[in-house]
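Open your viewer and switch to a cartoon view. This tour tells you what to select next and what is there.

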Amino acid sequence: MNTHPAHFPHSPRFPYFAQPLAIVTGAGSGIGAATARALSGEGHPLLLLGRNTARLEALGLPDTMVKSVDVTDGAALADAVREAEALYGPADLLVNNAGVMLLGSVDRQPVDEWDRMLDVNVRGLLNGVRAVLPGMIERRHGTVINVSSVAGRKSYAHHTVYSGTKFAVHGMSESLREEVSPHGVRVVTIAPGAVETELLSHTTDEAVKTDYQAFKDSVEILTPEDVASAITYAYRLPQRVTLRELVVAATGQAA
Ligand code: NDP
């Protein structure tokens, strides 16, 4: 496993945990919930973030701190990380997963939907990075896994703003990876294809939603657990190995 004794000693303060603290944003549903379950199953204490705490608590995972945090609120996110680290020890993994996909045409889409996607998918992800990176750099150990999308590598109709945010995730992740690699910290970008979650349900353009649902129904798409297993695979590699980018989609997804 990834735990390095020099960085995670069994100190009197944190005697109980065999694995270091892992943080998952947007953990109440979909990919985030599956990732939280997988990491918990591997023995990690967790900090789970999202706006709906009832859903985070419903996961019922042991050694888990649940906080209602909107990732666009950088101060609240940083406070939650500090509180969890005081209880469970330093964070060694951040899965920056929270995101929104509001598909639509730029000429018709309400501008506040652009704002939400830019705020959550871009700024929220940066807030997560800011909250954990100084400690990881100091410890010369840690992993940030940014959840992008195949829509962050190629574009699709009606994905203009969403795609822009996910291209931003790829660009920012690569730049960040170069910055922190001399400090022994890893940055991984994971780009899933279509996954069976509630992500599409928030799109308000009914025609676009119907089209996308028809595509989802036409192939056997990924499960959240498929993506979670890719995330844990990347994390479990030795700290000296960085899986820089991982694109994972259903075999039947041609586009
Ligand atoms: P879900 O809608 O199930 O999960 C998104 C999660 O993000 C929710 O749990 C939601 O929780 C949380 N979230 C949304 N806004 C905020 C916010 N402001 N602050 C904190 N948490 C927030 O969808 P997925 O599991 O599919 O999405 C997870 C990630 O995977 C996203 O980044 C998405 O773009 C990406 N992705 C998904 C694909 C798919 O086909 N499903 C494909 C490629 C990438 P709450 O409402 O409680 O805050």
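**Before you start**

This is a predicted model, in which local features need pLDDT of at least 70, side-chain atom pairs count only at pLDDT 80 or more, and totals for chains, interfaces and linings use all residues. Residues are numbered from 1 along each chain as its sequence is written, and side-chain values use heavy atoms, leaving out hydrogens and water.

Helices (H or I, at least four residues) and strands (E, at least two) are DSSP runs, numbered from the N terminus.

**Stop 1: H4 and H5**

Select residues 111–139, helix H4, and residues 160–180, helix H5. Their axes are 9 Å apart and the packing angle is about 15 degrees. H4 is therefore roughly parallel to H5. Axes here are lines fitted to C-alpha atoms, for helices over the stretch in contact, and angles run from 0 to 180 degrees between N-to-C directions. Angles under 35 degrees count as roughly parallel, over 145 as roughly antiparallel, 65 to 115 as roughly perpendicular and the rest as oblique.

The crossing of H4 and H5 is right-handed. A crossing is right-handed if the near helix is turned clockwise from the far one by less than a right angle, and left-handed if anticlockwise.

Now show side chains. Contact means heavy atoms within 4.5 Å. On the H4 side, look for Trp114, Met117, Leu118, Asn121, Val122, Leu125, Leu126, Val129, Leu133 and Ile137. They meet Val161, Tyr162, Thr165, Lys166, Ala168, Val169, Met172, Leu176 and Val180 in H5. By class, this contact of H4 with H5 has 16 nonpolar residues, two polar and one charged. Ala, Val, Leu, Ile, Met, Phe, Trp, Tyr, Cys and Pro count as nonpolar; Asp, Glu, Lys and Arg as charged; the others, Gly among them, as polar.

**Stop 2**

Keep H5 selected. Its 21 residues should span 30 Å at 1.5 Å a residue, and its end C-alpha atoms are 30 Å apart, which agrees. The expected span is 1.5 Å times one less than the number of residues.

Which residues of H5 are buried? Among them are Val161, Tyr162, Ser163, His170, Ser173 and Arg177. Buried means under 20% relative accessible area, exposed over 50%, partly exposed in between (1.4 Å probe, protein chains only). The buried residues of H5 pack against H4, strand E5 (143–147), strand E6 (186–192) and strand E7 (245–248).

**Stop 3: H3 and H4**

The crossing of H3 and H4 is right-handed. From H3, the contact uses Gly74, Leu77, Ala78, Val81 and Glu85. From H4, it uses Gly124, Asn127, Gly128, Ala131, Val132 and Arg139. Five of the contact residues are nonpolar, four polar and two charged.

**Stop 4: H1 and H7**

Select residues 30–41, helix H1, and residues 224–236, helix H7. Their axes come within 8 Å and cross at roughly 55 degrees. H1 and H7 are therefore oblique to each other. H1 passes H7 in a right-handed crossing. Gly30, Ile31, Ala34, Thr35, Arg37, Ala38 and Leu39 in H1 meet Pro224, Glu225, Val227, Ala228, Ile231 and Thr232 in H7. The contact of H1 with H7 holds eight nonpolar, three polar and two charged residues.

Stay on H7. The buried residues of H7 include Ala230, Ala234 and Tyr235. The buried residues of H7 pack against H1, strand E4 (91–96), E5, E6 and E7.

**Stop 5: loops and the tail**

Zoom to Asp63, in the loop between helix H2 (53–58) and strand E3 (64–68). Asp63 is not a glycine, but its phi is positive, near 45 degrees. Arg140, in the loop between H4 and E5, also has a positive phi, about 55 degrees. Arg140 is partly exposed, with a relative accessible area of 45%.

Next, pick Glu196, in the loop between E6 and helix H6 (206–218).

Finish at Ala254, in the segment after E7. Ala254 is exposed, with a relative accessible area of 81%.
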